[in-house]
Amino acid sequence: MRIEDLRNGLVVSCQPVPGGPMDTADSVVAFALAAIAAGARALRIESLDYVRAVRAATSAPIIGIVKQDRDDSPVRITPTTALAAALCDAGADIVAFDATRRPRPATVTDLIATIRAKGKFTMADCSDIEDAREALAAGADFVGTTMSGYAGGPVPQEPDLALIAAMRQLTPNVIAEGRLNSPQLAAEAVRRGAMCVVVGSAITRTEHVTAWFKSAVDAAAAPVPTTLAIDIGGTKIAAALVEGAAVRSAVTLETDRGENPDVWLRQIAMHFREPGSYSRVAIAVSGLVEDGRWSSLNPATLNVPDGFPLIDAAETIFGVPTSALNDAQAAAWGEYYWGAGEREDMVFLTISTGVGGGVVLNGRLLRGLAGHFGLWRSRSQGQPLEDDVSGRWLASQAKAAGLELTARGVFAAAASGEQWARDAIRTSADKVAALCTDVQLAFDPRRIVIGGGIGLGSGFLDLVEERLSHLPARLLPTVAQARLGSQAGLVGIADIAAR
């Protein structure tokens with residue numbers, strides 16, 4: 001074989017669970033032939049007997065190893081020159097060996113020399129970049145990430161993609177191996193610089209794959225724990241016991257803006273005093289939550305002490321584990337998973353006392369500052385967009401007309417024919433439509449879901465769609481009304497906490 005034979009290829013590791021029902025030569029050969037038939041470029045085979053058996057059945061390149069437990073060394077992948085030579089004689093094209101910097105019965109240099117003398121290629125199974133650097137200096141043909149996470153300490157769950165990229169800076173002959181248990185991870189390994197990817201358990205260890213699926217099924221079938229979900233906004237505080245998308249025992253309180261978060265949390269605690277009625281608390285809030293601390297981004301929407309220790313305060317008051325997130329991001333996840341997002345790429349906009357939002361792409365909710373669309377600059381005034389779109393702005397338009405009305409009152413005035421109210425609502429809808437245009441260009445989501453007291457107001461979404469209708473088809477956002485209504489934040493934050 002040539003080194004280039006492995007380039008951009010898949011290597012299937014046919015290593016059955018030791019002592020398991022597949023731990024036979026016939027099974028290993030069957031796995032190997034099936035892998036080659038499906039397009040695998042090469043095979044990784046353990047033990048002299050299995051290398052011989054597979055070599056007799058196929059001419060495909062074989063990476064051979066022998067695992068040997070020893071009292072004198074933690075190195076167990078082809079630890080000696082005798083085993084390395086025997087693998088060459090058994091038919092391996094490449095001999096792989098543990099190249100970690102640990103006490104060992106044979107040096108990396110001696111292993112490479114033995115394998116080279118047999119006319120075969122060498123693969124150094126490394127745990128970090130220093131292993132790779134030393135193995136390459138000793139003359140290794142390939143370096144692999146096989147030992148990353150297995151040379152001491154707890155074994156990580158994710159593959160070491162960073163090590164692949166670092167090795168690629170040293171050599172083009174990088175073989176990615178270890179915890180690459182999905183097609184997406186295998187593809188990412190190639191993008192990070194791997195010349196080929198070794199996949200084992202996910203393909204050839206039936207016991208492991210079965211256990212993964214069983215664990216997932218068991219988890220999905222387990223009773224859904226009850227979460228006390230709390231949504232603190234600039235106008236109201238909602239709380240409920242949530243199980244999945246089921247909401248019960250809901251209460252709504254007015255947000256007393258003159259008080260502090262401790263008081264708001266204690267008010268909620270008074271409504272949910274039954275011992276054992278919930279196992280955790282999840283809080284959605286207006287503003288930014290980082291490291292358990294809550295800060296306002298626009299105090300006009302809701303002013304809280306900067307860096308308020310929200311999670312610590314809640315755990316003291318409720319006595320159970322607590323998590324917290326921005327309210328619009330929580331609502332975005334609720335709509336994505338249980339509502340109008342239909343589990344496709346989406347952006348959520350909540351038009352309420354302020355303007356917020358959330359972004360879910362490739363099944364992942366973007367956190368931190370992502371989705372704080374209300375703080376985007378207004379095109380006309382250069383101020384936060386929410387200052388001339390939201391419920392506060394509608395109330396200011398009523399005041400300019402000589403009336404003391406909430407946003408709900410403005411909608412009622414519009415319904416009764418008041419032109420100033422109709423104009424105010426249309427102006428807000430026009431600006432939301434412009435925001436949707438920008439969001440579509442920024443994220444290209446499958447749909448933009450609109451919620452919040454204003455966003456769900458009578459006729460508001462129709463005005464937004466009317467304003468967007470002139471756009472070319474490719475630029476036209478698909479706009480949908482939030483299905484979960486005012487419960488989106490409660491359902492979303494509870495589901496995130498459950499995960």
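Predicted model: local features only at pLDDT ≥ 70, side-chain atom pairs only at ≥ 80, totals over all residues.
Which helices and strand each supply at least two residues of the lining of the second largest pocket? They are strand 8 (196-199), helix 8 (201-204) and helix 9 (206-221).

**Second largest pocket**
- The second largest pocket holds about 700 Å³ of space.
- Its lining is made up of 28 residues, and Lys-67, Tyr-150, Glu-177, Gly-178 and Ser-201 are the closest to the pocket centre.
- Helix 8 gives the most to this lining, contributing three residues.
- By class, 10 of the lining residues are nonpolar, 10 are polar and eight are charged.

**Nonpolar cores**
- In soluble globular proteins, nonpolar side chains tend to be buried together.
- The largest nonpolar core comprises 48 residues. Those with the most contacts inside this core are Cys-14, Ile-45, Val-54, Phe-97, Ala-124, Val-143 and Ala-189.
- Leaving aside residues up to four places away in sequence, Ala-189 touches Leu-161, Ile-164, Ala-176, Leu-180, Ala-194 and Val-197.

**Cysteines**
- The count of disulfides is zero.
- Cys-88 is buried, with a relative accessible area of 6%.
- Cys-126 is likewise in no disulfide, and the nearest cysteine sulfur, that of Cys-196, lies 14 Å away. Cys-126 is buried, with a relative accessible area of 0%.

Methods:
Residues numbered from 1 in each chain as written. Heavy atoms only, no water. Core = buried A, V, L, I, M, F, W, Y, C linked by side-chain atoms within 4.5 Å. Buried < 20%, exposed > 50% of the residue type's maximum accessible area, 1.4 Å probe, protein only. Contact = heavy atoms within 4.5 Å. 1 Å grid on protein atoms, 1.4 Å probe; cavity = no way out; pocket = protein on both sides within 12 Å on 5 of 7 lines; lining within 4 Å. Points joined across faces, edges and corners; volume = space filled by probe spheres on them. Helix = DSSP H or I, 4+ residues; strand = E, 2+ residues; numbered from the N terminus. Nonpolar A, V, L, I, M, F, W, Y, C, P; charged D, E, K, R; others polar. Disulfide = S-S within 2.5 Å.
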